[in-house]
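My notes follow in the order in which I looked things up.

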Amino acid sequence: MCCDLKRRFLLLYATQKGQAKAIAEEIWQQAGVHGFEADMHCISETDKYNLETEKDPVVIVISTTGNGDPPDTARKFVKKIEDRTLPPDHFAHLQYGLLGLGDSEYTFFCNGGKTVDRLLQELGAQHFYDTGLADDCVGLELVVDPWIDGLWLALGKVFLLQKGKEDMSSNVDAVSGSLSTAPYNVHELNLSSEVQNLKLGDEGARSSDVLSQKLVDVNFMPSARDTEPSLVHSVPPVSQSALNIPALPPEYIEVQFQDTDGENPHLSSLISEGATFEVPITKAVQLTREDAIKTALLLELDIADTVFDYQPGDAFCIICPNNTNEVQELLQILGLSERGEYFISVRVKQGTKKKGAARPQHIPERSTLRFILTWCLEIRAIPKKAFLRALVEYTSDVREKRRLQELCSKQGASEYTRFIRDCNVCLLDLLHAFPSCKPSLNLLIEHLPKLQARYYSVSSSNLYQPGKLCFVFNIVEFQACPARPVSRKGVCTGWLADLVAPLLHPSTSTLDTKGRRPSNEKISIFARPNNTFHLPANPSVPFIMVGPGTGISPFIGFLQHRQKLREEHTDWEFGETWLFFGCRHQDRDYLFKQLRCFLENGTLTHLKVCFSRDSSTTEVAPPKYVQDVIRLYPKDVARVLLKERGYFYVCGDRKHMADGVSDAVVEILSMEMEVDRLEAMKVLATLREAKQYLQDVWS
């Protein structure tokens, strides 16, 4: 596009883990190619932009965090535009387009973006481009890529209108001609390699007949046994297509090796969310039998010597490292196995073309290479398309180069989802699959995201067990698949399981002076309080708990706390309590059989359990899942929620349980209130808003 068509727009991003920022950077990079100039800022940098006086179009990319909240970087912005004293035409001059990021596994999908969109509309702002809502559950790129493609046409129209009617006719042909294929096929970027625009019989290959013929021979002619696509192999039509691939991200990090003298930063320096505490693991119990499908562990931490505090229902975060063997394997592939203990200095490369380039905050200025790969970078992260695009430049084999181009292209979008996203392929898997790919260390620091702390629900009560914090988790297992031929355990759960192995297998360790198995292992934790998933403030209010599998974890804390309150306050009135629990097999993974004790001492009024994989000899098969059991008690559920204004708590897997439970509640409300399903859904939405129906779910 001719440079005289260049126009400015304001590009704002609000990110929690870096996704929105990365997408904003992709928009910024593409803007110049399309004749636009993006003025990019974090939405928190209010000293660098002013929406009250902004005359140019505004593009906003915003993620969602927590229970449908805007990211931390957007909280002040949202609070400002929530001001009810602002007039309804406050932003009447503003034209904007918004791209929201979320995960449909969670109840309030894209709520951060939806909230900002609604507030801007209420203040008079106008869309120049339809809002996009991208779903990380199925792949952000399925919405993000076409949304970005269509953005250029929409921006072009805005600027044409601004130029006035007299100029419109002279410019519309030029702009629409270059943008005519938007939103799905706006442009094809030139590559240093001739491969990108190769197509069988295409004139675009004429610049190098020898190269194009070689590529056709090795890449596009499948053998009899290679008729199905895979991570490393493609078949028509993708293998014969000209490719639309992302712009090459500019490199911006410079890494300098130093000596081996010094100390690595303390882990607390990696966390910005608050104070961290290093606490010992004092107890570990395997709650499931060896033949259970999943292995569940209960760990106890000693927090007596800290000021760490929590309430039942809260969560906390564990700072965990990457797997030691995987770090060593990565060092070996990078040819740096002898330099792991060397300190490195990380700084911004002089002259970089990256907008607002800065050293990533999660990378220390100076630490050893091994420390960065172990504690700072998520080496298990699924590589984004921009990373694949960058890896192309470090790949020497022609076939491997072409395949990486395909996987990051629009034409290969479904194969990216199938062979990379759905298979949880990580950088190590790619480097094994494409052995001629030898990326630089700075590229890894630029593209691998921050290694996030993992959070877990508290499964204890500080009132019941002072100075102790317990939590329950399944050891996550990723089974091998064709695209990833090795099985792996979860980053944090696998590490924790290894740490507590001596406590789980007492025959390999000796007793201390008090007859306990010693554990010198400590882990670093920090608080992640939950503002809503707590016991009712009024103990006389009844509540229902639904927690199959490890979803029961916070409810153990609830019941412990409730039992202690009953012991200490015999004159208080306590409301009715229900617990619905389910697992696969009664004799293999019934995690807390001592639930009967809570029932016997009156802490728990009703305990309803089900076992989905156990066979039954009864004429009428018992219900398999908690949602099925809930349906057996419609009048009680309706009474607690509607008549007695009680609480309903759900904890556990979102996809396979929480949605089923909410469907069951909707059916009960519809039946007991004698209204249709839509009206019952509105009632449930009202209960959610009133914080009577609460969820702590994960995908």
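**Helix pair.** I began with α19 (residues 634-643) and α20 (residues 654-673) in this predicted model. Their axes come within 9 Å and cross at roughly 90°. An angle from 65 to 115 degrees counts as roughly perpendicular, and α19 is therefore roughly perpendicular to α20.

I then listed the residues that meet between the two helices. From α19, I noted Pro634, Lys635, Val637, Ala638, Leu641 and Leu642. Their counterparts in α20 are Val665, Ile668, Leu669, Met671, Glu672 and Met673. By class, I recorded 10 nonpolar residues and 2 charged ones in the contact of α19 with α20, with no polar residue.

**Sheet.** Next I traced an open sheet of 6 strands. I read the strand order as β13-β10-β17-β8-β9-β14, with antiparallel pairing. Which strands stand at the edges? I found β13 (454-457) and β14 (468-474) there. Each has a single partner strand, so one side of each is left without a neighbour in the sheet. For the twist, I noted an average of 40° from one strand to the next.

Strand β10 (residues 315-319) pairs with strand β17 (residues 522-528) over 5 bridges, in the antiparallel sense.

**Backbone geometry.** I turned last to backbone angles. Most peptide bonds are trans, and most residues other than glycine have a negative phi. I therefore searched for departures from both patterns.

I found a cis peptide bond between proline 236 and proline 237, with omega about 5°. Proline 237 is placed in the loop between α6 (209-220) and β7 (253-257).

Cysteine 110 sits in the loop that runs between β4 (95-102) and α3 (111-122). Is cysteine 110 buried or exposed? Its relative accessible area is 1%; the cut-off for buried is under 20%, and cysteine 110 is therefore buried.

Asparagine 424 also has a positive phi, about 55°, and is likewise not a glycine. I located asparagine 424 in the loop between α11 (413-421) and α12 (427-433). With a relative accessible area of 32%, asparagine 424 is partly exposed.

Terms used:
Residues numbered from 1 in each chain as written. Predicted model: local features only at pLDDT ≥ 70, side-chain atom pairs only at ≥ 80, totals over all residues. Heavy atoms only, no water. Axes fitted to C-alpha atoms, helices over the stretch in contact; angles between N-to-C directions. Helix = DSSP H or I, 4+ residues; strand = E, 2+ residues; numbered from the N terminus. Parallel < 35°, antiparallel > 145°, perpendicular 65-115°, else oblique. Contact = heavy atoms within 4.5 Å. Nonpolar A, V, L, I, M, F, W, Y, C, P; charged D, E, K, R; others polar. Pairing = 2+ DSSP bridges. Buried < 20%, exposed > 50% of the residue type's maximum accessible area, 1.4 Å probe, protein only.
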